[in-house]
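Me: I would like to understand how the labels used for a protein structure follow from the numbers behind them. Could we go through some of them together, value against definition?

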Amino acid sequence: FHGQTGTGNDIEKTITECTDRVKVVRCRSNLEVLYTLYSLRPAIESENIRLICMDTVASFFWETLDTDSNASGLHVSIPNALKRLMQYNQLCVAVTKPVLFNFTSSAPMLNKKRTEYLSETWRNMVSTRVFLSRAREQNVSISPSVFQASINSPSVNLSFEFEVEDAGVKELA
């Protein structure tokens with residue numbers, strides 16, 4: 001809302017209208033994620049949903065890898081269900097997951113080799129990767145509000161730093 005004029009009530013009303021349209025589903029297992037994805041289709045069509053966000057998609061990966069005999073199948077079924085939803089409904093899907101780094105090199109954090117642990121089905125589905133980390137100099141954090149970003153896709157390779165302030169986000173030179 002940077003630069004927006006109006007009263008505090010106007011801004012609060014706009015925020016309320018935006019957040020009222022956000023639907024949150026908390027899944028506690030891979031099976032619940034899969035069930036939720038399959039049950040979303042009617043809501044996507046009736047409510048004109050265009051974005052699905054999944055936070056920490058790998059949260060159940062480690063937990064079920066050795067203990068659940070269906071885990072490997074679910075690690076293929078979930079991305080396939082997402083792919084079908086995207087294809088048939090023109091959806092954008094944003095997924096987050098923690099990154100595991102190979103710390104053997106002295107390269108900056110964004111240039112380090114990342115260890116991939118999700119299935120090939122997940123990897124083949126990704127069109128754009130965005131890596132975020134705290135900006136560091138010689139392994140010391142510059143500031144808690146300064147971050148590095150790296151965006152990688154077939155058409156874009158971009159790295160930059162930005163700072164999060166009370167007034168908004170500012171790109172650093």
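Me: Which residue of β8 stands opposite valine 130?

Reply: Valine 130 stands opposite isoleucine 151 in β8. Strands here are DSSP runs of E with at least two residues, while helices are runs of H or I with at least four residues, and both are numbered from the N terminus. Please keep in mind that this is a predicted model, in which local features need pLDDT of at least 70, side-chain atom pairs count only at pLDDT 80 or more, and totals for chains, interfaces and linings use all residues. Residues are numbered from 1 along each chain as its sequence is written, and side-chain values use heavy atoms, with hydrogens and water left out.

Me: What makes β5 and β8 a pair of strands?

Reply: Two strands pair if DSSP finds at least two bridges between them, and 6 bridges join β5 to β8 (residues 146-152), so the two are paired, and they run antiparallel. They belong to an open sheet of 4 strands in the order β5-β8-β9-β10, with antiparallel pairing. In this sheet β5 (129-134) and β10 (168-172) are called the edge strands, as each pairs on one side only.

Me: Why is the pair of phenylalanine 147 and phenylalanine 162 called stacked?

Reply: Rings of Phe, Tyr and Trp (its six-membered ring) pair if their centres lie within 6.5 Å, and planes under 30 degrees apart count as stacked, over 60 as edge-to-face and the rest as tilted. The centres of these two rings are 5.6 Å apart and their planes are at 20°, so the pair is stacked. Phenylalanine 147 lies in β8 and phenylalanine 162 in β9 (residues 157-165), so the pair ties together parts that are 15 residues apart in sequence.

Me: What makes the pair of phenylalanine 160 and phenylalanine 162 tilted?

Reply: The ring centres of phenylalanine 160 and phenylalanine 162 are 6.1 Å apart and the planes are at 45°, so this pair is tilted. Phe147, Phe160 and Phe162 form one aromatic cluster.

Me: Is phenylalanine 162 buried or exposed?

Reply: Buried means under 20% relative accessible area, exposed over 50%, and partly exposed in between (1.4 Å probe, protein chains only). Phenylalanine 162 has 15% relative accessibility, so it counts as buried, whereas phenylalanine 160, at 25%, counts as partly exposed.

Me: How do you know where leucine 172 falls on that scale, and which residues is leucine 172 in contact with?

Reply: Leucine 172, which lies in strand β10, has a relative accessible area of 24%, so it is partly exposed. Contact means heavy atoms within 4.5 Å, and, leaving aside neighbours within four places in sequence, leucine 172 is in contact with Val146, Glu161, Phe162 and Glu163.

Me: Why is serine 153 called buried?

Reply: The relative accessible area of serine 153 is 15%, so this residue is buried. Its place is in the loop between β8 and β9, and, apart from neighbours within four places in sequence, serine 153 is in contact with Ser127 and Thr128.
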